[in-house]
Every structure is written in C-alpha cells, then in structure tokens.
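Hi everyone, thanks for making time for this. I'd like to walk you through a few local details of one model, so let me put it on the screen.

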Amino acid sequence: MSADISALDGATGQTRTPHHPRFAVGVLAFCGVVVAVMQTIVVPLLPHIPALTGATPTAASWLVTVTLLTGAVFTPVLGRVGDMYGKRRVLVASLVVLVMGSVLCAVSSHIGVLITGRALQGAALAVVPLGISILRDELPPERVLSAVALMSSTLGIGAAVGLPVAALVVENFDWHTMFWVSGAIGIVDIVMVLCCVPESPLRTRGRFDAVGALGLSAALVCLLLAVTQGADWGWTSTRTVGLLVVAVVVALLWGAYELRVPTPMVDLRVSARPAVLLTNLAALLIGFAFYANSLVTAQMVQEPKATGYGLGASLVVSGLCLLPGGVAMVALSPVSARISVTYGPKVSLALAAGIIAVGYAVRYFTSHSLWLIIAGATVVASGTAIAYSALPALVMRGVPVSETGAANGLNTLMRSIGQAFCSATVAAVLANITFQAGGRTAPTLHAYQVVFVIAAGAALLALVVTLFLPGSRTPGTGTVGEDRKDRKDRKGGARTILIEEGA
C-alpha cells in the first residue's frame, strides 16, 4: 500500500517552495509548554473549587479528569487529520480551541461551564505531536532530532512550570486571572505560528476514517473513565467493570475494522511492528513513572510536621519544588539528542529509564529533607527529559512520513494512559495506607515509599522493554530510503513523494 503525498499550498492548491523556518522550533516549543501548563494549572485550585463554585469535590475533580479524556481522544485523531489536511492548519485550530476554553473558564464560576472549558483546553494537547510532525517535515535531517527532543520535552517542562505558576496566582490574585492570562498567551501563540511556522507541504491522500476515529474515541473514553473514577465508584462496581468490558469489546471491533479499511485512523500493521509497538509500551510505562513524581512531591512537602515526615510547606513552596526539574528538562533536551545521534535513541531511552529508577531510589531514602526531596525529584525529571526526547525519534524511525502525525499522537496518547493509571494507583495507595496525625487522617511515610517503589518498578520495566527494541541504525527521521529521498527533494522545491508504507 502506498500513500501519495504532494507539496501543495493548502489555500491555493499551487505548488510552493518550502522556506527555512528560522523561528519555528522556538515558537512550536513555546506552544507545547503553554498547552502542557494548561493540563496542570488547576491542580493547586482543586481544594478551593467547592467553596468558590458551590460544587461537590467529586464534580471539582472533573476539572482534571475531563482534560485527560479530551486530550486522549483528540491527540491521535487530530494527528491523523493533520497528516491529511495540513499540520499547521490543525495546530492553529487546536490553539483556537485552547483560547475558547480559557475564556469560558475566565468568565464563569459555574462548575458545568468550567468543566466544558477544561475539556476544550485538554483537546489542545494535540499541539505537541503536530509540532513534532511539522519539525520532521520542515527541518534538515541533521536538526530534526534536537528540535523534536525539545518539542517532546515540553510536556514535562509545562507540568513542572504550571504548578508553581498556578500556586502563585491562586495565593495572590483572583483565580480567574490565570485563565485570562492563558487565553491571552494562546492568542500570542496563534499569531506567532501564523507568522513563523510554515505549513507542511506533505499530505496523505485518502478519505478520513470517521468510523475508526469514533471507535477509538469510544474505547478510550470507556477505559479512562473506569481508570480515573474506579476509586470513587469501586473497582468491582457494575459501572467500573462494565466500562472496562465495553472498552475491550469496542477495541476489538475497532481493530478488526481498522485492518479492513484502505486509509485507517491508525495503521495497525505499522503499529504492530516491534519498533513501534515496544516504543509505545515504553511510553506508557515512562508516563506512569514520570507522573508519580508530579503527583506526590507537592502533597508530601505540604503534609503537616505532625506526621513526622511532612514539612508543612506552603502551596507556592511545594510547587517550586518541581521547578528545578523543569529547568533540567530544558537543559537536557539537546543532550538527549546528542546521545541519540551518537548511540541511537534506543540507548537514550534505556539510559533515561535507569535514571528515573535511580531518582526514585534517592527519593525512597531522603524523604525528610526539602533539598534532598528536590534533588530526587530533579533526577526523575532529568530521566524523563531524556526519555521524552528519545520516544519521538524511535517512533519516527519505525513509521513512514505519511504516518508521522498519527504515530506521534498515538505515542503521546500512551503517555497519557500511563499517567491515568498512575493517578489511580497513587490515589489508591495514599488513601489506604494512612494513620492519624495532628487530628486528621494522613498517608503514612510508608505509603509514599510504596509509590516510589511502584514508579521505580515501572521505570525498570520500561528499561527491559527498551532492551527488546530492534537495534538502532544511524538515527534519522524515517526509514532510510525516505530520509535519502527527502534530502534530495528538499533541494528541489515542490515535490511529490510516493512512500511505500510497507518498507
């Protein structure tokens, strides 16, 4: 099967000569950070939402859950739409949706409106895989790995930056302010993308697989609803078990359908290749291991001193504990790219998984000192930076150019699923291993240590999976033949590329 990809201007249908995107890397990375910040910006606000809106704590929790659901659904779908109809066009549309969601949250205190706004913000997570795809299409091969490494790391950088920024706003300003600011920054993002980021000339011919998109969305919603709400509903309740059964049945039917259509939503034959399948499994495990760091650090240092291990830190201080990790992620992105260029992305990912496991070992034994907690959290973030930089390189090595957006969207989705399972696991551990301290029920130190052990185990399992990946060739941005042909075509301006997807 082949995919016909032609260099046509999306507005006029005329061939155009690609130009060098001087500022595209910085602009796209900034967009990625902003989108990632939106995923965590309400976390410091959650304890206050019931008093501010009159909502129940369960309803307030949906401000986080709904972004996870919409992000999971729209990331692979919009990645595929970008492959077919223009990546920059879809990226701009995603940023417009982000602005709309921010404005909705800024103008209302009604929980229903806030949840709707947060759903729109979550859909913008597709910006990251779309940005990776644009960079693959537009940059010369020697610059792709470093640019993609930075773009991929924005998911972790934004998470580290979002918590302290949101905490500062909550403590010093009206809480609607952070949504007004996010909306304004989103508009700036749109303008910068339109001015500095060229539209990718590559298009995948064919009809959009609407049935496949609906099937994938249904399976994901059922799975993630069961995982995120299972603790409240009961893991053996009819709703939880029923949703899991429906998710499995829909996924099987969806898979059978995808194998029969000419232009599937997700090419399962490509996704089943060991290089792609094992990379996505590693992404799920790395997402799990990374998210535990973000979930427990702020809560742990805020625990009262009466617990014997808590530091009684303020909301702002607890958020700032993650900031050095964000700085480390920025600094290590080019380092990861250099390792991938020299030794291959497989080595980078294996090294990253080992570093994350070491970070949790540090955290296990140093849970009484603020500076050592920050050091352990930063080590975990450093490993995550290298991992998040290596994952897109591994994905692009295993898929043709025609599948870049969808494949990176699926890989980002696997990280999100890992985070969802991590959130459910951490909540279950901290809720069940408790004691009475200072007149309140609190997790024991052992509970946090159990979380560290589980997260380290996920990282080590990711290391094992990585070792089974096919051996690395000289890193590039696609199959060897594609890279060689694309270099030649870039010099010739407008181009028509016929890619054998089975190559």
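**A serine and its surroundings**

Let's begin with a polar contact: a polar atom in the side chain of Ser 336 lies 3.2 Å from the backbone oxygen of Ile 386. Please keep in mind that this is a predicted model.

Where does Ser 336 sit in the chain's secondary structure? You'll find Ser 336 in helix 14, which covers residues 323-343. Is Ser 336 buried or exposed? Its relative accessibility is 0%, under the 20% cut-off, so Ser 336 counts as buried. If we set aside the neighbours within four places in sequence, Ser 336 is in contact with Ser 348, Ile 386, Ser 389 and Ala 390. So Ile 386 turns up both in that contact list and, through its backbone oxygen, in the polar contact I opened with.

Now to the rings. Look at Tyr 388: the charged end of Arg 415 sits over its ring, 4.3 Å from the centre.

Last, the cysteines. How many disulfides does a search of the whole structure find? The search finds zero. As a reminder, a disulfide is a covalent bond between the sulfur atoms of two cysteines. Take Cys 196: the closest cysteine sulfur belongs to Cys 195 and is 5.7 Å away, which is too far for a bond because the cut-off is 2.5 Å. Cys 196 is partly exposed, at 23% relative accessibility, whereas Cys 105 is buried, with a relative accessible area of 0%.

Technical notes:
Residues numbered from 1 in each chain as written. Predicted model: local features only at pLDDT ≥ 70, side-chain atom pairs only at ≥ 80, totals over all residues. Heavy atoms only, no water. Helix = DSSP H or I, 4+ residues; strand = E, 2+ residues; numbered from the N terminus. Buried < 20%, exposed > 50% of the residue type's maximum accessible area, 1.4 Å probe, protein only. Polar contact = N/O pair within 3.5 Å; in protein donor to acceptor, adjacent residues only side chain to side chain. Contact = heavy atoms within 4.5 Å. Lys NZ or Arg CZ within 6 Å of the ring centre and 35° of its normal.
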